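Thanks for coming. I have one structure to go through today, so please have the sequence and the model open while I talk.

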Amino acid sequence: MSDKIRDYIEQQFLIQFDEDFPENTDLFKEGVMDSFGYVQLCRFLEKEFGFRFTEQEMTGNILTSLSRIRAYVQQKTAQGAGGPGAI
Amino acid sequence: MCGIAGFHHAALPGEDYPALIQGMLGAIAHRGPDATGHVLTPGSALGSTRLAIIDIEAGVQPLSDPSGRYWLCYNGEIYNYLELRAELEAAGCSFQTHSDTEVLLQAWLHWGPDCLPRLNGGFAFALLDRESDELILARDPWGKRPLFYAPHGQGLVFASEMKAFLALPGFSFEHDPEQLASIVAVWTPLPEQTGFRHIHNLPVGSWMRVRGQERRITPYTQLDFQARTRVDSEAEALDLIRERLRQSVALRLRSDVEVGVYLSGGVDSAVVALLARELSAHPLSTFSVEFADPQYDESAQQREMAALLGSRHHPLSIRHADIVEHFPAAAWHAEIPAFRSAFVPMYLLSRQTRAAGIKVVLSGEGADEAFLGYDLFKETLLRREWAAMDEQRRQACLARLYPHLGHYGSQDLAALTGLYQQFAEERLPGLFSHELRFQNGRFSARLIKGGGDPFQAVSALVAAAPGYDAMSPVQRAQWLEFRTLLAGYLLSTQGERMSLAHGVENRCPFLDPAVVELAAAVNLRFDDGMEEKRLLRQAFREQLPDSILHKRKFPYRAPDSAAFADCRPDYLDALLSADELAKIPFLDGKFVAALSRKIMNTPAPEISTKENQAFIFLLSIALQHRYFVQRAAPPVAPTVSPLGRAVDLRPR
């Protein structure tokens with residue numbers, strides 16, 4: 001799961017996570033993520049891991065960094081919201 | 001309209017003055033193909049290349065006072081020159097010509113720098129006082145006309161376009177990574193920025209006194225959005241809008257040559273065209289860009305408006321391939337990196353306009369800034385209230401602000417809500433209104449290595465702006481729009497640099513001081529600002545067709561990176577060849593390679609706005625580096641302007 005999300009973000013946002021750009025970097029603050037990319041990322045996660053974000057979830061400062069996204073997706077999939085891409 | 005150029009105590013050999021000033025003027029001869037003229041004094045040269053519009057026979061430049069002490073080279077138009085002339089004549093001044101150039105000279109001699117706030121127009125000028133050996137440079141309040149200068153030896157050189165400096169031996173261009181990072185992050189240069197080290201743009205609304213090595217810049221006007229007109233009702237506001245715009249268009253129709261109109265398909269240029277038709281003695285000529293790609297095209301509204309006006313309409317059809325073919329020439333004329341390709345069609349439109357025999361056009365620029373036409377203003381209003389709103393109200397406001405979102409479903413509205421949540425509080429002091437835009441600008445700033453904090457310069461600009469702190473969030477947004485996007489792109493790169501590439505002068509009736517002041521007095525007084533330019537639409541609702549009156553703001557755009565990926569022109573080697581890229585040391589090679597690869601290999605709908613912008617910035621920087629820093633041959637043939645007046649006042 002981790003690599004799928006990481007690969008997606010690296011390819012979509014033209015970045016490379018490393019010691020200079022750690023996984024807990026706020027992607028909005030760094031200008032990596034904009035509204036267009038945010039919507040695309042949400043759609044990717046929903047499709048890949050088989051769950052839907054509620055509106056509250058999407059507005060709750062959840063998807064701001066790779067580490068937060070990863071933790072959140074782990075929590076969602078552990079809740080049994082399995083689907084086509086669930087692990 | 002003209003171009004001006006010159007030098008003042010620069011490190012240049014005296015025997016070469018005639019060739020040097022002619023070389024500088026030759027580089028900008030496209031701005032004024034009718035005649036060049038210059039005056040040489042010990043240590044100085046001033047010249048102009050003229051597009052003759054008012055008093056065609058007698059308005060030759062440079063112009064001196066009868067004593068020969070003062071010499072003026074002037075670029076632009078003073079629309080209220082007849083009124084100023086009457087005032088000056090009443091004060092005892094006498095005139096030899098009917099030109100606005102002489103009015104400007106006499107106004108300076110009579111009032112000194114206090115004449116500047118009296119001038120209603122778009123202008124830049126250089127005035128030499130031979131007795132005190134002082135040089136005065138000045139520029140209009142909006143950024144209609146440019147004036148660049150650079151220190152040179154113990155003095156300086158100046159010109160309407162930086163390419164004039166290429167004619168000076170030993171002058172070298174060097175991009176400044178800090179300025180470039182700011183430009184790409186903010187979308188446009190700040191008032192003094194040019195992207196090049198040591199070259200400055202004289203800030204709009206300022207004048208500079210040059211005496212020896214001393215240079216002092218003084219602003220003569222402020223953009224304060226103070227309501228000076230008392231307006232008690234909406235009906236009164238609508239009457240005043242009609243009256244002041246009519247007066248503004250009438251002033252801008254003063255010309256000894258025919259004045260045409262650029263029709264965009266939106267409400268602003270439609271209003272200008274309506275008034276121009278009403279006030280013109282001859283049938284109107286209108287000009288429009290049509291796009292083969294329907295997502296950018298507004299030809300239906302343009303043609304409907306032209307039919308309503310009964311104008312001689314000249315549509316110009318633009319394909320992807322046209323943008324790609326002419327991008328290098330347009331980037332050469334623009335000189336400063338651009339964030340979108342929409343300036344290229346304007347370059348071609350001015351060519352067509354000139355070919356149709358028109359050398360002055362009116363257009364709708366300034367209406368969005370003055371009458372709150374951009375989504376950015378609505379977003380600012382909404383974000384300011386965000387924290388105090390409940391979820392239901394937020395969703396309702398977003399749905400009103402972005403009606404097209406309904407097509408995509410509630411999940412996208414939720415995503416947008418998430419984004420607003422991120423930007424509900426000010427993070428960059430003083431820049432609240434622009435933080436969404438600027439955050440996206442950070443992506444483009446990744447192009448530049450060693451650029452530092454790309455928002456440091458704009459933060460310093462607003463911190464130093466008189467009265468800025470006291471402005472409302474929306475007024476601050478307006479101030480930033482006037483000083484960045486309007487002056488730094490719409491009026492310059494997309495505006496006068498493109499029109500004057502083919503000797504066409506553009507005039508903007510919405511940028512009349514009386515119109516902008518009135519807008520400040522009526523904005524948000526009679527509505528909540530969520531319907532853009534509502535008062536302007538209301539004022540002309542009886543005369544405009546519904547299709548234009550009720551059309552949502554349609555930003556003028558042109559095909560961006562997809563056009564280049566489709567056509568793959570040879571000059572993309574500037575980005576795709578590692579050897580070529582290595583010639584531009586301040587670009588982040590890794591990021592540039594990743595961006596170029598993505599643009600070239602990804603279907604257009606999957607390219608985001610910020611990626612498009614970063615790519616157009618990158619391409620314009622690379623080409624401008626090639627022409628200015630590496631001094632490759634320019635992509636356009638030089639224009640020749642005949643020598644009309646040469647005055648040599650140096651001792652023999």
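**Strands, sheet, core and interface**

I start with one pair of residues: F7(B) stands opposite A45(B) in strand 3 of chain B. Before going on, note that this is a predicted model.

Strand 3 of chain B covers residues 44–50, and it pairs with strand 1 of chain B, residues 2–8, in the antiparallel sense over seven bridges. Further along that pairing, A5(B) has G47(B) as its bridge partner in strand 3 of chain B. Strand 2 of chain B, residues 35–41, also pairs with strand 3 of chain B, again antiparallel and over seven bridges. There T36(B) is opposite T49(B) of strand 3 of chain B. Strands 2 and 3 of chain B form a hairpin with two residues between the strands, and G43(B) has a positive phi near 95 degrees in it.

Is strand 3 of chain B mostly covered or mostly open? Mostly covered: seven of its seven residues are buried. As background, side chains in a regular strand alternate between the two faces of the sheet. From strand 3 of chain B, S44(B), L46(B), S48(B) and R50(B) point one way, A45(B), G47(B) and T49(B) point the other way, and all are buried. Please note that R50(B) is among the buried ones.

One bridge to look at is G6(B) with its partner F158(B) in strand 9 of chain B.

Now the core. The largest nonpolar core has 222 residues, and F125(B), L137(B), A159(B) and L618(B) have the most contacts inside it. Helix 25 of chain B, residues 609–629, gives the most to this core, with 11 residues. Taking F125(B) on its own, and leaving aside residues up to four places away in sequence, what does F125(B) touch? The list is I4(B), L72(B), C73(B), Y74(B), N75(B), L104(B) and A138(B).

Next, a parallel sheet. This is an open sheet of five strands in chain B, with parallel pairing and the order 15-14-13-16-17. Strand 15 (312–318) and strand 17 (505–507) of chain B are the edge strands, each pairing on one side only. From one strand to the next, the twist averages 30 degrees. Strand 16 of chain B, residues 360–362, is joined to strand 17 of chain B by three bridges, and the two run parallel. In that pair, V361(B) has N506(B) of strand 17 of chain B as its bridge partner. Helix 6 of chain B, residues 267–279, packs on the sheet and touches strand 13 (259–262), strand 14 (285–291) and strand 16 of chain B; its direction makes about 155 degrees with that of strand 13 of chain B. Helix 7 of chain B, residues 299–309, lies across strands 14 and 15 of chain B and runs at about 165 degrees to strand 14 of chain B.

One helix pair. The axes of helix 8 (residues 320–334) and helix 17 (residues 492–499) of chain B come within 9 Å and cross at roughly 95 degrees. A330(B), H333(B) and A334(B) of helix 8 of chain B meet T493(B), R497(B) and M498(B) of helix 17 of chain B. By class, that contact between helices 8 and 17 of chain B has three nonpolar, two polar and one charged residues.

Last, the other chain. How many residues of chain B are in contact with chain A? There are 22, in contact with 16 residues of chain A. On the chain B side, the elements that give two or more residues are helix 13 (410–422), helix 14 (435–445), helix 24 (589–601) and helix 25 of chain B. Helix 13 of chain B supplies the largest share, nine residues. The residues on this side of chain B divide into nine nonpolar, nine polar and four charged.

Definitions and conventions:
Residues numbered from 1 in each chain as written. Chains lettered and ligands numbered in written order. Predicted model: local features only at pLDDT ≥ 70, side-chain atom pairs only at ≥ 80, totals over all residues. Core = buried A, V, L, I, M, F, W, Y, C linked by C-beta atoms within 7 Å. Buried ≥ 20, exposed ≤ 12 C-beta atoms within 10 Å, placed from the backbone. Helix = DSSP H or I, 4+ residues; strand = E, 2+ residues; numbered from the N terminus. Contact = placed C-beta atoms within 7 Å. Axes fitted to C-alpha atoms, helices over the stretch in contact; angles between N-to-C directions. Nonpolar A, V, L, I, M, F, W, Y, C, P; charged D, E, K, R; others polar. Pairing = 2+ DSSP bridges.
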